[in-house]
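Let's take a tour of a protein model and see what its side chains are up to.

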Amino acid sequence: SGKRQIFRSPTKPHSVAVNDPWRLTFPPNWGAPPVVELPRLISWSDHADEGVRYFSGTATYSTRFNWKPPSTTKAGTQTLWELNLGRVEVMAQVTLNDRDLGILWRAPYAVDITRALKPGKNTLQVRVTNLWPNRMIGDEHLPEDSKRYPNGTLVEWPEWLANDSPSPTGRFTFTSWRLWKADSPLQPSGLMGPVMLEPRLRIQP
């Protein structure tokens with residue numbers, strides 16, 4: 001319309017870092033320990049435990065943090081709060097105080113948590129799913145369980161697979177072509193952060 005309007009924004013509240021220790025739980029029978037405690041967020045591929053380093057699938061982070069609402073904002077201004085997970089490899093499902101806030105599958109890994117956030121103690125869960133390569137790389141440290149040509153392709157379907165049985169050598173994955181080697185670099189995986197509560201101001205004209 002050609003009209004101009006000027007808004008003066010009040011000072012925005014400070015962002016809040018979620019630095020509390022994390023509890024990371026893994027599903028059974030996939031090589032990882034049931035639970036690990038993380039004083040800080042790191043890639044699964046950097047963890048000292050082989051089961052964590054080579055894990056592929058979905059694992060659940062949980063933590064509790066305190067939150068104190070800022071002082072009342074200026075009339076006509078609403079403060080919204082966003083949870084930013086920082087770096088995630090590869091997808092994350094966020095639950096805050098038992099409220100499912102959906103799945104994040106690309107950057108920025110951020111979601112509005114205004115309605116779920118409460119004064120005092122808050123319980124945060126983040127389910128993270130990575131890709132398959134790390135588990136397949138880990139399996140290359142185990143004995144072979146099928147007949148292969150030198151280039152890694154399958155000679156014949158193994159009998160244990162045809163019988164729907166577990167691998168006799170303890171491998172967790174099976175492919176008709178060996179795509180990875182034992183010395184292939186592991187892919188970054190999991191929640192790496194930093195995890196932040198970030199305020200957003202909504203100003204009513």
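## Buried or exposed?

A residue counts as buried when its relative accessible area is under 20%, as exposed when that value is over 50%, and as partly exposed in between. Keep those cut-offs handy, and keep in mind that this is a predicted model.

Nonpolar side chains tend to be buried together in soluble globular proteins. Here, the largest nonpolar core has 35 residues, and W22, Y61, L85 and L191 have the most contacts inside it.

Now zoom in on L191. Setting aside residues up to four places away in sequence, L191 touches W22, L41, I42, Y61, L85, R87, V88, V126 and V128.

## A nonpolar patch outside

I103, in strand β8, has a relative accessible area of 56%, so I103 is exposed. Together with M91 and W105, I103 makes a nonpolar surface patch of about 360 Å².

## Salt bridges

How many salt bridges does the structure hold? There are 12. In one of them, the side chains of E37 and R23 meet at 2.7 Å, N to O. E37 is in strand β3 and R23 in strand β2, so this pair ties together parts that are 14 residues apart in sequence. R23 itself is partly exposed, at 39% relative accessible area.

Another one joins E140 and R171, whose closest N and O atoms are 2.9 Å apart. E140 lies in the loop between α2 (133-139) and α3 (159-162), and R171 in the loop between α3 and β11 (190-193), so this bridge links parts 31 residues apart in sequence. E140 is partly exposed at 22%, while R171 is buried at 8%. Both belong to a network of salt bridges that also includes E144, D145, R148 and R178.

Last stop: N97, in the loop between β7 (91-96) and β8 (99-104). The N97 side chain reaches the backbone oxygen of A116 at 2.8 Å. Leaving out neighbours within four places in sequence, the contacts of N97 are A116, L117, K118, K121, N122 and T123.

Notes:
Residues are numbered from 1 along each chain as its sequence is written. This is a predicted model: local features need pLDDT of at least 70, side-chain atom pairs count only at pLDDT 80 or more; totals for chains, interfaces and linings use all residues. Side-chain values use heavy atoms; hydrogens and water are left out. Helices (H or I, at least four residues) and strands (E, at least two) are DSSP runs, numbered from the N terminus. A polar contact is a pair of N or O atoms within 3.5 Å; within protein, one must be able to donate a hydrogen and the other to accept it, and residues adjacent in sequence count only if both atoms are side-chain atoms. Contact means heavy atoms within 4.5 Å. A nonpolar core is a set of buried Ala, Val, Leu, Ile, Met, Phe, Trp, Tyr and Cys residues joined through side-chain atoms within 4.5 Å. Buried means under 20% relative accessible area, exposed over 50%, partly exposed in between (1.4 Å probe, protein chains only). Patches are made of residues with over 30% relative accessible area and no salt bridge: like charges are joined within 9 Å, nonpolar side chains (Val, Leu, Ile, Met, Phe, Trp, Tyr) within 5 Å. Accessible areas come from the Shrake-Rupley method with a 1.4 Å probe; for residues, only the protein chains shown count as cover. A salt bridge is a side-chain nitrogen of Lys or Arg within 4 Å of a carboxyl oxygen of Asp or Glu.
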